[in-house]
Amino acid sequence: NRSLKKKKNKERKKQKLTLLLECLKFQMKCPNLQKQALLTIHSICEKRDLLREVGGVAFVYNLSKSSVVHSDVKEAALFTLGTLVEANVYCKNSLCKKETFADLAGWLIKDDIPLTQKRVTVYLLSALVANNNSTSVVANAMHTYQLWTSVSSALCGCVNNPQSDGQHICATAFPNIKIWLQQVAVQHTEIFQSLCSFIAMTVANNSRVQESFSSSGGLKTLALSLARLTSVADVSLLSCQLCVTISKTLSACITDNSVYSVLASGLARYCIVSHLISLLASPNLEPQHRLSVLLTLGHCTESSGKTAL
């Protein structure tokens, strides 16, 4: 009886979803009704595969691309997809296509796209890539890394378009950027460096965005990555080079901040000073990179009278 009841409940929800999708199709002149329908779809489908089963994922995505749909409806469609992608692997697989990434990345560099729509586009893009390799077999690993590279490059293009607004828009991706940093293998330096470039550009001279990155756990992830890589910097040129990249990124994350001392002191628990000193002593550290490491070391120690060695 319980199984039958559950099946009937699922069928009722699928029927309701079908009606809601019909509402989206035939209420093009009523954006408020469309937005309400999207919100209802989200509440029904979160953590369930029902939307894909009724063909709704593709429809909602096409709705977000339509030139005749109100911008508020496009934004709601993108947000609905973003939240479903984070919670539902089936929705993610339905959208993880090269064409989808190309479309979304293209929107970020357009001048006529509303800032709020760019924000949810960044959210959807980063959600699609985050944890993507957990649903991919080894054979698709290179495809995943190519997606990472494309998306991070698109985000870099959005940061300064214009800078202040772009920084706040791109901060939406910070929680997923943290996941990317944890997942990227050391040998894929171009992706790691691209992510670090994006982070540095997004937080540059913007205290609110710097604090947002720290709150998302990104600063901690960078610090832990530095600690892990400095331990092998003496025997690995690649690891040493990545340490320099992370060092520069950490510097950008804590410089010119009104609560500079708080962010810099927060790094003390990860023994950043000791790791930077170790990096300076590495035989693989090239002379032209010593200055940048020394600058980061200075930023980490000048915030307070104490240095956490």
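User: What does Q34 touch, not counting residues up to four places away in sequence?
Analyst: Q34 touches L24, Q27, M28, L63, V69 and V73. Contact means heavy atoms within 4.5 Å. This is a predicted model: local features need pLDDT of at least 70, side-chain atom pairs count only at pLDDT 80 or more, and totals for chains, interfaces and linings use all residues. Residues are numbered from 1 along each chain as its sequence is written, and side-chain values use heavy atoms, with hydrogens and water left out.

User: Is Q34 buried or exposed?
Analyst: Q34 is buried, at a relative accessible area of 1%. Buried means under 20% relative accessible area, exposed over 50%, and partly exposed in between (1.4 Å probe, protein chains only).

User: Which helix is Q34 in?
Analyst: Helix α2. Helices (H or I, at least four residues) and strands (E, at least two) are DSSP runs, numbered from the N terminus.

User: How do α1 and α2 cross?
Analyst: Their axes come within 9 Å and cross at roughly 155°. That makes α1 roughly antiparallel to α2. Axes are lines fitted to C-alpha atoms, for helices over the stretch in contact, and angles run from 0 to 180 degrees between N-to-C directions. Angles under 35 degrees count as roughly parallel, over 145 as roughly antiparallel, 65 to 115 as roughly perpendicular and the rest as oblique.

User: Which residues make that contact?
Analyst: From α1, they are K13, K16, L17, L20, L21, C23 and L24. From α2, they are L33, Q34, A37, L38, T40, I41, I44 and C45.

User: New topic. How many salt bridges does the structure hold?
Analyst: One. The side chains of E22 and K25 form that salt bridge, at 3.4 Å, N to O. The term means a side-chain nitrogen of Lys or Arg within 4 Å of a carboxyl oxygen of Asp or Glu.

User: Where do E22 and K25 sit?
Analyst: In helix α1 (residues 2-26). They are three residues apart there, so about one helical turn separates them.
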